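Open the model in your viewer and keep the selection panel at hand. We will go from one stop to the next.

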Amino acid sequence: MTARLLQRGLALLLIIALAAGGAWLAQGVEGRWVWAGAGPARLGEASERLLADVPAETTVRYRVLVRPDSPLATRLQRLVTAYREAGLDLALERLHPDRDAERLREYGLGRDGEGLLGVEDEWEHVAAPAEARVSAALERLLRRGSRYIVHLTGHGERELTGEAGHALGRLGQALERKGYRLQPLDPERTAVIPDNTRVLLVAGPTRSLPAETRQLLAQYIARGGRLLWLTDPGAPPLPAALPVTRGEGVVVDPQGAELLGVDDPALVVAEARGGHPALTGLGAPLLLNRAAPLRASAGAEWRREVLLATGPRQWPVASERLQDPGEAPADAGGAPLALTLARDTPEGEQRLAVFGDSDLFANAYIGNGDNLALALNTIDWLADQGGVTGRYGEAAGDRRLRFSRHETLLLGFGFLAGLPAVFLLGGWLAWRRGRSG
């Protein structure tokens, strides 16, 4: 009995000593932890890449409405500190709701945390002090100037400002949020492509282009213009000036249709592989609908890269065989679905991108997987904007544990039978020990 009391006393003294030591360390050591939602201790990779493009000696001003007792004050200061530590000359101006009431009405700010980000005389609205919003506003400011995306119209192209499911309105809105300016071009009314065109977009024309339009495009490509062309199976042939041809048939993916739970083998689930800048940050699959295979007919001066290609269980079939595509042929896989081409010109590097599916970026499909990110990355690469996608401050994607069938059975048996057996055995041994004295 005396030995047992002594053991308990020593254990209690050890616990008290550990608690006292922890309290002493807490007084002498300063630490800081940042929990999810409390703001970044440091900026994300996309924001750091963006700051690398900020010209030297550029001062960015940040005017924010912050109430004295607002819980956003600490979050705002942490965010500003993160940008300054990353090398940005960021001048913060806190606006008081009473003292600065007239200026707030002038600026159009009324909600706590709402602000304006400015470079020189240009300003962008920031709805809340969050990395995603501040970096996106800064990116728009950096892209002031020659950043027009001219989109061809008049031949059944998908509208970049349309709201229908087949239109590209959601892409157009995302481009405007990133600071691009959209300009339609109808060659029948304006027979010239503006010199300040950063990227020319031809989005799935359904009617053959007139000879004058084809000549206009040929001249644009010949002088080094940058172009994004979206085509579909059965669409008019690609112009001869474009160093890409469209293959026959519609790509099917029976395995992907089964995975999606739909009865449409023309829905293709693709994954981006490779190190092209347009694929930066992509991790989720991409969803294509009735895609066409492509073939590059480029000469030696063009550098070709494949962004998307068919997998081993994906192959093109004639449109009348969509509902019964049969088995995958032995040579299935490897057909390009999206290509980029680049070559050196006296004015710099010329860049082209061709996709064998325009549904990929349509309103009805662009929200699936990384479709939107791929579209923005591709246009950023074409426009030579550094490949920043605007996906700032996002949490890491979900991580999945994958177990084999045997591992799953072992885990199930362990939790349902193994652990209870161990507890029962421990209880039985304790009971036996107590019985034996």
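Select E301 first. At 42% relative accessibility, E301 counts as partly exposed. Keep in mind that this is a predicted model.

R343 and E301 form a salt bridge, with their closest N and O atoms 3.7 Å apart. Trace the chain on either side of each partner. R343 is buried, with a relative accessible area of 17%.

Next, select D264 and R290. Their side chains meet in a salt bridge, 3.2 Å from N to O. Both partners are loop residues: D264 lies between α8 (254-260) and β11 (267-270), and R290 between β12 (286-289) and β13 (294-296), so this pair ties together parts that are 26 residues apart in sequence. Is D264 buried or exposed? D264 is buried, because its relative accessible area of 17% falls under the 20% cut-off. R290 counts as partly exposed, at 32% relative accessibility.

Move to R99 and D100. Their side chains also meet in a salt bridge, at 3.6 Å from N to O. Compare how the two partners are covered. D100 counts as buried at 9% relative accessibility. R99 counts as exposed at 61% relative accessibility, because the cut-off for exposed is over 50%.

Side chains of opposite charge can pair when their charged atoms come close. How many salt bridges does a search of the whole structure find? The search finds 14.

For the last stop, select residues 371-382. This is helix α9, with 12 residues. Draw a distance from its first C-alpha to its last: the helix reaches 17 Å, close to the 16 Å expected at 1.5 Å a residue. Show the surface once more. α9 is mostly covered, with 11 of its 12 residues buried. Among the buried residues are N371, L374, N377, D380 and W381. An α-helix has 3.6 residues a turn, so residues three or four places apart point the same way.

Step just past the end of α9 and pick D384. Check its backbone: D384 takes a positive phi of about 60°.

How values were computed:
Residues numbered from 1 in each chain as written. Predicted model: local features only at pLDDT ≥ 70, side-chain atom pairs only at ≥ 80, totals over all residues. Heavy atoms only, no water. Helix = DSSP H or I, 4+ residues; strand = E, 2+ residues; numbered from the N terminus. Expected span 1.5 Å × (residues − 1). Buried < 20%, exposed > 50% of the residue type's maximum accessible area, 1.4 Å probe, protein only. Salt bridge = Lys/Arg side-chain N within 4 Å of Asp/Glu carboxyl O.
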